[in-house]
Amino acid sequence: MPNYRTEADTLGPVKIPADALWGPQTQRSLQNFSTGAKMPLVLIKVLLQIKKAAATANAELNAISTDKADLILAAINHLLSLDDTELRQDFPLVVYQTGSGTQTNMNVNEVVANMAAKLNPEIKILPNDDVNHGQSSNDIFPTAMNITAALAIVKLKTAVQHLIDQLAVKQKEYWRVVKIGRTHLQDATPITFGQEISGWKSMLEHDLGYLNELSSTLHELAIGGTAVGTGLNAVPHFATMIAQQMSTVYGIEFTADSNKFYGLAAHSGLNVVHGALKTLAGDLMKIANDVRFLASGPRAGYGELNLPANEPGSSIMPGKVNPTQAEAITMAAVRVIGNDVVVSMAASQGNFEMNVYKPVIISTFLESAELLTGTITSFTDLMIAGLTVNADRMEELVDRSLMTVTALSPHIGYHDSAKIAQQAQKDGVTLREAAIESGKITAAQFDQWIDPVKMTGIDD
């Protein structure tokens, strides 16, 4: 038997592997575009769900027969039952293809039609006329983009909340543990480690708030716009029915009550939400850097924190432990910040009635969301949860610090306080010794006025 079959599309005959479920348009894409990552399967699964909803809506609106709709649903249900390895065999196209995602949409249409033929060859299901009925790649693909992105944001928000919750535990545990504060990478006045953590937690709470405020823009669906936004060939109420079914399937309130010309030509929602991902990435970079620098050492660095030893840190230095979770999440943050440029540039490239950078927008968006979700979860469970403080080291650094002199300013003035700090640094003595030697205050006054715990304000 030949190892291929021949099918024809509007451009002519195409040779297709004999056992492939796809058709000629998918095969042409395979031959013309071979570089880069595959189209994300999560997007393919959403497209399949949209096709189910479309078949149901078309049957209820008498646009296709019930028999055809039922067979389309059976074919899609079979495909959705496959594991990812099996499913990938039927959806082999890469991200870097036509900018509308048409070839992936047709890949889905062809696979569904051929699966339907395997299930019941007596009912003819056509990729364009039946599976794609009332649809265009130009509205179907951006609809799938928004749904897929919205689902990714739900997972990300769960991961962020998990980190917030773990930081809340550490904040409470170390609320009264005093350490030296630092500004400009120099010693500053005391704070508690719990206060420092509260700042990290608040950063993430704000980031989560941004995601909550912005993510609803992803719930507007382009479905119903068809080719250029006018809705040509889609029957009335078709788009609304699909949005309602997508809301039921995914538990998110999607709507088709949107401007279709915007939905096809612009991806501002994806762009602005990715901006929130970039902001989150920047804050995670700061938090992870603080953690790993405060844990630096253990004997020749700050040494204020103890990190869990998850794996050996060196192939040559025995016993070395590295802050690998911090390194992973900061690398992810760098990637997300870079990805924001890709999404921003791609979102700006709408020409007339359509943006033709759709595949790279959604693949980049999903990469960012998935990177953050995964690394945040690992950072939380494998670093923050096991983090402890080196209280003795924190106390030592507070005692050695010169910036507790700030508490003397209200009593002896800024100028004389500065002289005491500078003299202590010059002579290599403690602040207490320099203050008493200055004759400006007594030992009793120093002990009364220089109280690191009071300086943190935690009892106010």
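Me: In what sense do strand S1 and strand S2 pair?
Reply: Antiparallel, over six bridges, with S1 covering residues 4-9 and S2 residues 12-17. Keep in mind that this is a predicted model.

Me: How many residues are in the hairpin that joins S1 to S2?
Reply: Two residues make that link.

Me: And which residue in S2 is the bridge partner of Tyr-4?
Reply: That's Pro-17.

Me: OK, changing topic. How is the protein divided into domains?
Reply: Domain 1 takes 20-133, domain 2 is made of 153-174 + 193-391, and domain 3 runs over 402-456. Going by C-alpha atoms, the centres of domain 2 and domain 3 are 46 Å apart.

Me: What about the largest nonpolar core, how many residues does it have?
Reply: It has 106 residues, and Phe-193 and Ile-376 have the most contacts inside it. The element that gives the most to this core is helix H7 (residues 137-173), with 16 residues.

Me: Where does this core lie relative to the domains?
Reply: Between domain 1 (20-133) and domain 2 (153-174 + 193-391), because both of them give residues to it. Apart from that core there's another, of 15 residues, including Leu-402, Val-405, Ala-424 and Phe-446.

Me: Back to Ile-376. What does it touch?
Reply: Leaving out residues up to four places away in sequence, Ile-376 touches Leu-156, Ala-159, Val-160, Leu-163, Leu-280, Leu-284 and Ile-329.

Me: What does the side chain of Asp-139 reach?
Reply: The backbone nitrogen of Gly-225, at 3.3 Å. Setting aside neighbours within four places in sequence, the contacts of Asp-139 are Ala-222, Ile-223, Gly-224, Gly-225, Thr-226 and Leu-264.

Me: And how many Å separate the C-alpha atoms of Asp-139 and Ala-188?
Reply: 56 Å, with the two residues 49 apart along the chain.

Me: Then there's Asp-130. Buried or exposed?
Reply: Buried: its relative accessible area is 5%, so it falls under the 20% cut-off. Asp-130 sits in helix H6 (residues 127-131).

Me: Which side chain makes a polar contact with the side chain of Asp-130?
Reply: The one of Lys-68, at 3.2 Å. Beyond its neighbours within four places in sequence, Asp-130 is in contact with Lys-68, Ile-72, Lys-124 and Ile-125.

Conventions. Residues numbered from 1 in each chain as written. Predicted model: local features only at pLDDT ≥ 70, side-chain atom pairs only at ≥ 80, totals over all residues. Heavy atoms only, no water. Core = buried A, V, L, I, M, F, W, Y, C linked by side-chain atoms within 4.5 Å. Buried < 20%, exposed > 50% of the residue type's maximum accessible area, 1.4 Å probe, protein only. Helix = DSSP H or I, 4+ residues; strand = E, 2+ residues; numbered from the N terminus. Domains from an automatic or database assignment. Contact = heavy atoms within 4.5 Å. Pairing = 2+ DSSP bridges. Polar contact = N/O pair within 3.5 Å; in protein donor to acceptor, adjacent residues only side chain to side chain.
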